[in-house]
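Subject: Structure handover

Hello,

Here is the structure I said I would pass on. Please open it alongside this message, and then read the notes below.

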Amino acid sequence: MDRSAAIDRVQVGLAFRTGLETRVINALQDAQVQLERGTTLPWFLQTEVSSISTVDGEERVKVPSDFIREVDEDPLWYFNGSAEEAADVWTALAKDELEVLRRTYPGEGAPIGYNLDPSYFRIFPTPDAAYVLKMIYYKKDAVLDSDIENLWLEHFPLLLVGMAGF
């Protein structure tokens, strides 16, 4: 279902009223924001494996712009190209409190742990080179600012339409 069909459904639910397109669009967008801030997120908002990289001498790595939150059972990983036992070794980074990581992993080296704040992954010890990090996370869906079908309207159209109509 695309945005125009969703608008029609909301207006039908409001006793066949018309002329509310702008208000309905705003309500659809608000409903999407509310759902994406919820405690439970749907499977279709999980990304494929995505990559970001560290910078030599910088503990901070910016979270992706569409990042909502981590997938609980899937940590941040880095490629350990120096591992002797295999050519393709991905190492899970331990997540912990910032103060604990600063005390436990001072100095520079290959990533061992991380902390997440609203804007950055903070990697410890401070990376001494560029390391490729991999993760799967929940992402924000495309905003309904044009007549498109986003993932919410594809998978849960009645939920979004119902919330917008309410």
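One definition first: a polar contact is a pair of N or O atoms within 3.5 Å, and within protein one of them must be able to donate a hydrogen and the other to accept it. Keep in mind that this is a predicted model.

**Asn115**

That definition matters for Asn115. A polar atom of its side chain lies 2.9 Å from the backbone oxygen of Asp96. Asn115 sits in strand β8, which spans residues 113–116. Is Asn115 buried or exposed? It counts as buried, because its relative accessibility is 13% and the cut-off for buried is under 20%. Leaving aside neighbours within four places in sequence, Asn115 is in contact with Asp96, Glu97, Leu98 and Leu101, and also with Tyr120, Phe121 and Arg122.

**The sheet**

β8 belongs to an open sheet of 4 strands. The order is β2-β9-β8-β6, and the pairing is mixed. β2 (60–62) and β6 (94–95) are the edge strands. Each has a single partner strand, so one side of each is left without a neighbour in the sheet. β2 and β9 (residues 120–124) run antiparallel and are joined by 3 bridges. In one of the pairs, Arg60 has Arg122 of β9 as its bridge partner.

**Helix α5**

Now look at α5, residues 157–165. Which of its residues are buried? They are Pro157, Leu160, Val161 and Ala164. These cover an arc of only 95° around the axis, so they lie on the same side of α5. The general rule is that an α-helix has 3.6 residues a turn, so residues three or four places apart point the same way. The cover over the buried residues of α5 includes α1 (3–13), α2 (21–36) and α4 (151–155).

**The cores**

The largest nonpolar core has 21 residues. Those with the most contacts inside it are Val24, Leu28, Leu45, Tyr138, Trp152 and Leu160. At least two residues of this core come from each of α1, α2, α4 and α5. α2 gives the largest share, with 5 residues.

Setting aside neighbours within four places in sequence, its contacts include Gln32, Leu35 and Glu36, then Pro42, Phe44 and Leu45. Asp141, Pro157, Leu159 and Leu160 are also in contact with Trp152.

**Backbone points to check**

Most residues other than glycine have a negative phi, and most peptide bonds are trans.

- The peptide bond from Phe124 to Pro125 is cis, with omega near -10°. Pro125 is in the loop between β9 and β10 (126–127).
- Ala15 is not a glycine, but its phi is positive, near 60°. It is in the loop between α1 and α2. With a relative accessible area of 62%, Ala15 is exposed.
- Phe16 also is not a glycine, and its phi is positive, about 60°. Phe16 is found in the loop between α1 and α2. Its relative accessible area is 65%, so Phe16 is exposed.

Best wishes

Definitions and conventions: Residues numbered from 1 in each chain as written. Predicted model: local features only at pLDDT ≥ 70, side-chain atom pairs only at ≥ 80, totals over all residues. Heavy atoms only, no water. Pairing = 2+ DSSP bridges. Buried < 20%, exposed > 50% of the residue type's maximum accessible area, 1.4 Å probe, protein only. Contact = heavy atoms within 4.5 Å. Arc of directions from axis to C-beta. Core = buried A, V, L, I, M, F, W, Y, C linked by side-chain atoms within 4.5 Å.
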